[in-house]
Amino acid sequence: MSSLTPPAGVVVKGALAARYDEILTPEALAFVAELHRRFNETRKRLLALRVERQKRFDGGETPDFLAETRHIREGDWTVAPIPADLQDRRVEITGPVDRKMIINALNSGAKVFMADFEDASSPVWSNMMDGQLNLKDRWAGTIDFTDPVSGKAYAIKDKPAVLIIRPRGWHLPERHILIDGEEASGSLVDFGLYLFHNAKAALAQGSGPYFYLPKLESHLEARLWNDVFVAAQDALGLKRGTIKVTVLIETLPAAFEMDEILYELREHIAGLNCGRWDYIFSFIKKLARNKAYVLPDRSQVVMSKAFLRAYSLLLIKTCHRRGAFAMGGMAAQIPVKNNPEANAAAFAKVKADKEREAGDGHDGTWVAHPDLVPVAMEVFDRLMPQPNQLGKLREDVQVGRENLLEVHEGTRTEEGFRENIRVGVQYIEAWLRGRGAVPIYNMMEDAATAEISRAQIWQFVQYGVTLEGGVTADAALFRRCLPQEMERVRGELGAEAYDKGRFPEAIALFEALSLAPRFEEFLTVPAYAKLA
């Protein structure tokens with residue numbers, strides 16, 4: 001391929017594979033660089049505010065609704081009109097941005113496909129750049145794939161799912177692109193390259209530049225995104241409001257600022273989503289130094305109870321009052337091969353979860369596997385015959401601070417402690433090999449899973465929690481369980497597959513994070529240094 005000629009001040013450090021020059025054009029890089037120069041200082045300042053707020057939480061403060069924005073919560077306003085192809089979002093499928101996945105997801109029968117540069121993708125340089133090429137090819141009508149092993153050919157069928165892109169969160173860098181000597185923001189790289197290359201093609205085909213925004217912790221972070229959108233649309237000659245976004249409410253502080261986040265993005269927002277797994281992680285993380293908020297085993301932290309139930313209902317009420325969509329959470333189950341009974345039980349669990357969401361008033365939901373699309377679709381078709389439930393205002397819902405902080409009742413077990421070790425290490429190992437969506441124990445796991453696993457262990461160990469049966473969760477228990485559980489994983493995977501993997505690195509990282517004196521904000525930040 002030809003060498004790149006980036007604009008002044010921009011250095012591309014990543015290896016240049018075939019066709020990368022189609023993405024990393026001088027014009028596209030100049031566009032990203034301009035966004036970086038205008039907004040990166042604000043991004044860094046807001047990340048510093050996260051650190052300051054965490055110090056207050058560590059000191060015993062708990063989140064609350066903001067006094068200074070009460071007028072926004074009590075005001076009578078709505079978001080801007082939402083495009084036609086986002087009016088019916090009853091089932092959305094998510095997954096990484098590899099070529100075969102994109103085609104299968106667009107063909108899955110889901111209404112929407114969220115192509116994920118974030119938690120379902122390991123940010124290996126080739127993953128990020130190939131993903132941009134794949135999405136560019138989707139809008140160019142040239143995305144196809146032939147499996148080199150089976151010879152099976154894949155191509156997009158008629159009426160594909162609507163495409164929404166999830167860029168990386170504000171906290172993640174893209175170290176393969178330097179702008180004025182500084183690592184670029186992963187958020188601005190993912191957003192900027194996709195928008196630059198695809199916005200006009202998507203609009204010409206009756207859709208638009210649509211995004212999911214992850215990991216926001218405040219309305220100020222939403223305001224930053226809105227400022228980015230305005231600048232980007234102006235630079236590309238797009239009408240303001242063309243970009244439409246859905247924000248994942250997947251951090252505890254954001255749950256107290258849902259109205260404010262909608263308000264800041266009111267010109268560009270289509271809805272909010274219950275990012276349930278990251279939300280559990282955030283609940284543990286934000287309150288990790290507060291012994292009153294130690295959760296039971298992950299399997300008992302369910303959406304139908306305690307703080308998860310409260311936040312789901314508040315999200316519906318808040319969104320519908322403002323004319324925005326309230327999206328339900330992820331069904332991470334995947335088909336259980338060679339075990340019809342276990343498969344039927346898993347699908348029944350999904351069905352019940354989706355019935356709760358549709359009955360409560362959600363406008364749609366997420367699944368992680370194509371085989372779950374018809375399961376979720378049947379529920380929403382039955383309980384939501386109309387395109388959405390914006391008219392279901394849920395004025396009966398009264399959710400206060402204490403509801404959003406209510407801890408689930410349940411047990412803390414050694415088996416749960418051990419499962420956290422197995423799942424967390426296996427996910428990190430796959431991530432280090434470049435895979436961000438990983439099937440583990442019949443669930444499609446992403447980075448949030450490993451985060452919950454190490455966060456729970458960290459909190460249990462910090463407080464020496466007494467597990468069922470009287471065993472104390474401390475560093476000694478962790479160090480005793482770790483080799484035992486890794487031997488179990490080796491047996492499950494097979495010695496050859498295990499030994500070929502990156503388990504020594506994954507084990508070392510998981511142990512360091514789980515036993516660290518200070519809780520690491522995101523495991524993906526130190527893990528990123530180990531990627532190509």
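Reader: How do E12 and strand E13 pair, and over how many bridges?

Author: E12 pairs with strand E13 (residues 364-367) in the parallel sense, over three bridges. Pairing here requires that DSSP finds at least two bridges between the two strands. The strands (E, at least two residues) and helices (H or I, at least four) are DSSP runs, numbered from the N terminus.

Reader: Before we go on, what kind of model is this, and how are residues numbered?

Author: It's a predicted model, with residues numbered from 1 along each chain as its sequence is written; local features need pLDDT of at least 70, and side-chain atom pairs count only at pLDDT 80 or more, while totals for chains, interfaces and linings use all residues. Side-chain values use heavy atoms, with hydrogens and water left out.

Reader: Back to the strands. In E13, which residue is the bridge partner of Ala 331?

Author: Val 367 in E13 is the bridge partner of Ala 331. Val 367 is also the bridge partner of Ile 93, and strand E2 (residues 91-96) pairs with E13 in the parallel sense over three bridges.

Reader: What joins E12 to strand E11?

Author: Three bridges do, and E11 (residues 269-274) runs parallel to E12. Ala 326 in E12 is the bridge partner of Leu 272.

Reader: Is E12 mostly covered or mostly open?

Author: Mostly covered: seven of the seven residues in E12 (residues 325-331) are buried. Buried means under 20% relative accessible area, exposed means over 50%, and partly exposed is in between (1.4 Å probe, protein chains only).

Reader: Zooming out, how many helices and strands does the protein have?

Author: The count is 20 helices and 15 strands. With a radius of gyration of 22 Å, close to the 24 Å from the globule rule for 532 residues, the protein is as compact as a globular protein of that length. The radius is taken over C-alpha atoms, and the rule is 2.2 Å times the number of residues to the power 0.38.

Reader: How much of the protein is buried?

Author: Buried residues are 60% of the 532. Looking at contacts between residues at least 6 apart in sequence, 78% join residues at least 24 apart. A contact means heavy atoms within 4.5 Å.

Reader: Switching topic: Lys 285, buried or exposed?

Author: Lys 285 has 4% relative accessibility, so it counts as buried. It is placed in helix H10 (residues 276-286).

Reader: What is Lys 285 in contact with?

Author: Setting aside neighbours within four places in sequence, Lys 285 is in contact with Gln 54, Phe 519, Glu 521 and Phe 522.

Reader: Where does Arg 394 lie, and what is its phi?

Author: Arg 394 lies in the loop between helix H13 (373-383) and helix H14 (401-404). Its phi is near 50°, again a positive value in a residue other than glycine. Arg 394 is buried, with a relative accessible area of 17%.
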